[in-house]
Amino acid sequence: MKPNFLVFVVDQMQAQALSLHGHPDVKTPHLDQLGVEGVSLARAYCSNPVCMPSRATLLTGLTPRQHGCLTNGNALPEHIPTLPAILSKHGYRTHAIGKLHHQPIGSVNRGEELGFSWEDRKRWESGEIQRLPEGYYGYQTSELVGGHVDVYGEYTSWLEQRLPASSRKLTREGAYQHDPSVPMSWRIDLPEEWHYNRWIARRTTSFLEQLKQDEAFYLWCSFPDPHHPFAACRPYSEMYDPNKLALPENWQNESDSIAWLNSMRQVHPGHCDFDEQALREILAQTYGMITHVDSCIGEIIGKLKELELYDKTVIVFLADHGEYLGSHHLITKGEWPWEELLRVPYIWKSPKSQSQGMNDAQVVSLYDFVPTILDFAGIDPVVMDTRGVYAARPLGLPGRSLRSLIESGELLPMKPAIVEYDEDWFAPDVCRMRSLITEQYKLTVYMNTNEGMLFDLQQDPKEQANLWADPAYVTIRQELTEQLLMELIRTDRFDTRRITGA
């Protein structure tokens with residue numbers, strides 16, 4: 001019998017922000033229980049540290065260089081085969097609820113009209129778009145919540161019909177409390193039962209209730225939180241006392257090891273222009289957002305059990321990328337490849353999972369998501385070509401199945417994770433960053449400078465001592481650079497349809 005799939009996704013959450021992982025403050029009881037019954041892979045890395053490229057990888061299994069969505073503001077090409085499309089062809093009912101972000105939130109880029117986007121906020125708010133089309137990126141149906149905190153989409157239409165003018169309560173202007181010195185954080189004046197997180201949970205349970213008997217499903221349940229702005233509603237906005245929270249031990253350390261990254265602090269002052277009071281409020285609201293999502297996931301899992309689907313479903317919880325959240329005196333995301341940004345929560349629970357809890361020994365990647373789902377579904381994980389069918393090719397998908405690790409705890413052969421980041425939005429340079437992470441080391445190189453970063457994560461988990469220029473590590477740096485090169489070659493594009501031999 002085919003297993004079902006329920007994939008919980010959050011936006012911009014670091015792996016450390018789970019109480020299962022030993023966090024001293026944040027409360028995530030339902031996710032902790034899911035991790036205890038399955039496995040929480042604590043050394044999981046995103047494919048890209050911003051939303052759209054990472055989400056495109058989760059949809060296709062491909063690297064950003066392969067699928068073409070290199071950074072935010074790129075639309076994922078619609079001809080590329082996707083996981084839900086393939087599952088649909090194999091008899092699955094596919095549905096997405098919440099945030100997708102496969103096309104730009106705005107269709108205007110630097111003053112130039114670049115074309116139509118199905119996820120364009122202005123088109124939704126004007127009423128020009130009221131729902132996504134059937135078959136959107138392979139999902140038979142979908143219900144969109146776009147944006148962050150000040151959201152739009154089908155949820156907003158639902159809210160305004162029931163509580164006119166309530167959408168304003170999600171904004172800073174409609175907040176019941178905000179500090180002028182903390183522009184990216186406020187406290188939402190909207191009852192919890194009307195919040196978009198709870199709406200996503202209710203729509204998810206409604207979908208589950210309407211399934212036909214023994215109908216296999218792939219359900220993408222995606223929360224916009226805890227992405228900035230940092231804003232929770234009551235009771236979660238009041239749950240964490242800012243003055244009692246532990247601060248990241250390196251929150252005052254603004255040294256970035258290389259001169260070019262230090263210069264980026266002047267280019268992007270919003271990443272580092274905060275003091276202790278502001279950081280404490282940001283932390284309190286972020287933890288509130290996380291606990292709110294945890295509560296909603298608990299509601300959905302309760303419905304799974306009520307419908308006797310829990311033991312028939314592969315459940316996944318992940319984030320598209322992490323968040324600095326004060327570490328290295330940074331917030332949000334950007335060019336700095338710190339662990340807080342690149343490592344993501346990655347919990348798997350299958351019907352045959354052995355109870356494992358946290359696994360911090362195995363390096364894995366979001367590239368492994370699609371091959372693992374395909375393995376559970378009994379579908380051969382070979383390259384999906386541009387015609388929308390599988391074509392046997394020698395390279396295969398860049399990731400690998402984690403099924404044996406998930407079900408029995410069997411450690412897989414060591415394979416490095418790679419992370420790539422390309423950004424051309426901010427002056428003065430185009431940033432191109434590539435990172436390779438092994439069990440012990442992290443190597444990062446940039447197009448923008450001859451300097452690089454090398455950290456021994458076992459000896460220096462807070463990444464304080466850059467070993468790039470240390471003579472004792474020259475051989476290790478060279479070996480890791482060669483590994484990175486080989487991984488980039490192995491995972492490069494090979495998707496153009498061949499017509500003849502010459």
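**View 1. Side-chain directions in strand β20 of the predicted model.** Strand β20 (residues 453-456) directs Met453 and Phe455 to one side and Leu454 and Asp456 to the other, and all are buried (under 20% relative accessible area, with a 1.4 Å probe and protein chains only). In a regular strand, side chains alternate between the two faces of the sheet. Strands (E, at least two residues) and helices (H or I, at least four) are DSSP runs numbered from the N terminus. The model is predicted: local features need pLDDT of at least 70 and side-chain atom pairs pLDDT 80 or more, whereas totals for chains, interfaces and linings use all residues. Numbering starts from 1 along each chain as its sequence is written, and side-chain values use heavy atoms, leaving out hydrogens and water.

View 2. Strand β19 (residues 441-446) runs antiparallel to β20, and 4 bridges join them; strands pair if DSSP finds at least two bridges between them. Tyr441 has Asp456 of β20 as its bridge partner. Between the two strands of this hairpin lie 6 residues.

**View 3. The surrounding protein.** The protein has 13 helices and 20 strands. Its radius of gyration is 22 Å, close to the 23 Å that the globule rule gives for 502 residues, so the protein is as compact as a globular protein of that length (taken over C-alpha atoms; the rule is 2.2 Å times the number of residues to the power 0.38). Of the 502 residues, 61% are buried. Among contacts (heavy atoms within 4.5 Å) between residues at least 6 apart in sequence, 71% join residues at least 24 apart.

Conventions: Buried means under 20% relative accessible area, exposed over 50%, partly exposed in between (1.4 Å probe, protein chains only).
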